[in-house]
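Here are my notes on the two-chain model you sent over. Have it open while you read, and go point by point.

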Amino acid sequence: MTDDKQLFADFTELQLDALAETFNLSLGEAAAVFSEMVAEPIELTVPTVKILRREELLKELGKVQGADKVDRLCAINQHFDAGDAFHTDTMLVFPEQGSLEIVRKMLGDGTSIDQITELEQDALAEIGNIIINSCMSSLANLFQTTIEGTLPVVKTTEAASLFDPYINSDVILIAQIGMTMSTQNISGYMLFIMDVASVRGFMAQVQRLFGI
Amino acid sequence: MNSQPAIDMLNIFAEAIDAGLIVLDDQGRIRLWNRWVEQFSRRSFQEVAGLGLTEAFAAPIDRRIAMGVREVLDLGLARLFAHALHPTPFPLFAIGDQSTTRIKQSVKLKPLKTPQGIWCLLQIMDVTEVVRREQLLRQQSRQLSDKLEHISAAQEQLFRSEQRFRELAKQAPVGIFEVDLQGVVRFANDRWLKMAGVTPDEQHVVRWTHNVADEDIARIERAWSSCVQLEGHFAEELRYTDPANGNIVWVRLEASALRGEDGNLVGYIGTVVDIHDVKESAIKNELKASQDVLTGLYNREYLSSTLQQALKTVERKQVQPAVLFLDLDLFKEINDEYGHEAGDIVLRSVARRLKRTLRGDDVIARFGGDEFVVMLADVKSPEDLPQIASKVRMAISLPINIGVKHVTIHASIGWASYPHDGVEVLPLLRLADERMYLDKRGRR
């Protein structure tokens, strides 16, 4: 058994439930913001919390991509720092085609250009920025702490190379929640990528929040 | 660490960079306002130092930017304001332009950690040029997709009409073909291929006249080349030979000129109808009208008209036609003694012997009853005539088997030749008839 698995085994079921609930709260707000932006109801799935290695995550992402494996992924990524408590990369991931549909729907331009344009990519970054910030500010609110964040970076790539910046031994805590725009049939996922120390720090905040 | 040196360093970069930079302290007061912002806002740093963002500009700014600034200062979160969603948040104008049209912008807000707390860095980019390029791209994309749509609609229409034509060609009860100016088959439906005895592989290789029967080929080639020269309509009846079995089929072929876009003749398109049965029966009927049913020889009318025709062309052809008038001696006695059937046998035998004795281009006719007339196409000299008559006489006088026995019959013969005896049909025939009587009387 690896250290990482050990880490997961360290937590009680109660703690893991609390962790899931924390994400549920923050992501719920993010989805509400998103829903307002696209003026459409957004359905949320029950969040699942997993601690995975990078290669395990890639397998999971195979599921994110769905049946159409050729579609590339579009990720909007921001780095957050909660002082000594934890730091995380927070990613909003959509299938590439889906992300184009969202941004074009919002901008009201139906011109079919295969590639996302510079301005569209900028708009997509802002959409992700708003959703991610809403999630992170509600976490900051819950934990009664300050979480500083960088500007969003948009990356469109194959699932396999999405996590290249994170070294192999990195554990990735995924709080995965599906957001589905029913009229467009687009599903997005929010991922939190943390190292072992950050997972422990995050859990400490969760325990404090729920008094466990 | 004192923050002032940091701001000084920032100032150096701030002046050099091709973007607007504004720094707000933790209270939201302006601490840096670089040259770019001075130029585009038309307000100097001295005028705005220490003011809040909303008071610094002469005109209102986008409310959402002010809210974003609060998010940065209170929570330490970075914010991006994309041009597409907030086109012109600040009242910034092109340099040297007095217009009140705002430049197109994209804005980034970043938290700056300082000992005094979190400050806010605003970064403003002029994206006017990017917007212009993307609008151009969109316009081109739209034009391209309009064109594509147009082309695909035209293609669809072309496909339909092509399909319609193919189906018609397939189902048509006539042969349909298209040829180029050399007469090489460019398209043909199955029916044409079958009628013309051409295999599908030979298409695009052979000319449409490939299997025209030997009897017709010279006439058809002449007609075709003059038709192409005159760019006219082609219509001919001709025979195709099937090379597989030698079968001949009569067809009627019609073709019209096919012109290219420039109006020039590019080929011919036409139809072929099978007229074999009609043609065959027409030929038979024609033959029947000129024939004597019993003997298969020509009849009186045919001989008269042929002789008339021949006399018209004697000068040109340099020939000397002649006629023989034959009458069978004692034919009535055979009829009376052995019956009409025996008489018929005799007449048919005489006909056969005449055909065998005379030349192919001589016209032999039964004139009626037991009278026969032969038109000799060309007699070198009238002195030859007795010899010919004697040959005929000899052939006829051989015994004829009438079933119950053999009978022998003789013929009386008279002749007349052109031009010595006459130059017209009736005088020649009359003279030959008279001489035949003389012969008959002489031999009794």
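1. Let's start with a strand pair in chain B: β11 (residues 322-328) and β13 (residues 371-376) run antiparallel and are joined by six bridges. Strands here are DSSP E runs of at least two residues, helices are H or I runs of at least four, and both are numbered from the N terminus; two strands pair if DSSP finds at least two bridges between them. Within this pair, B:Ala322 sits opposite B:Leu376 of β13(B).

2. Before going on, a word on what you're looking at. This is a predicted model, where local features need pLDDT of at least 70 and side-chain atom pairs count only at pLDDT 80 or more, while totals for chains, interfaces and linings use all residues. Residues are numbered from 1 along each chain as its sequence is written, and chains are lettered from A and ligands numbered from 1 in the order in which they are written.

3. On confidence, chain B has a mean pLDDT (the predictor's confidence in each residue, from 0 to 100) of 89, with 98% of its residues at 70 or more. The model's scores are ipTM 0.82 and pTM 0.60.

4. Back to the sheet: it is open, with four strands of chain B in the order β12-β13-β11-β16 and antiparallel pairing. β12 (363-368) and β16 (411-417) of chain B are at the edges with a single partner strand each, so one side of each has no neighbour in the sheet.

5. Which helix lies across β11, β12 and β13 of chain B? That's α10 (residues 300-312) of chain B, running at about 135 degrees to β12(B). Angles run from 0 to 180 degrees between N-to-C directions, and axes are lines fitted to C-alpha atoms, for helices over the stretch in contact. Contact means C-beta atoms, placed from the backbone, within 7 Å.

6. Have a look at α13 (residues 340-357) and α14 (residues 385-396) of chain B too: their axes come within 9 Å and cross at roughly 140 degrees. B:Val350, B:Arg353, B:Leu354 and B:Thr357 of α13(B) meet B:Lys391, B:Val392, B:Ala395 and B:Ile396 of α14(B).

7. Finally, the chain-chain contact, which takes 24 residues from chain A and 24 residues from chain B. On the side of chain A that touches chain B, α5(A) gives the largest share, twelve residues.

Conventions:
Contact = placed C-beta atoms within 7 Å.
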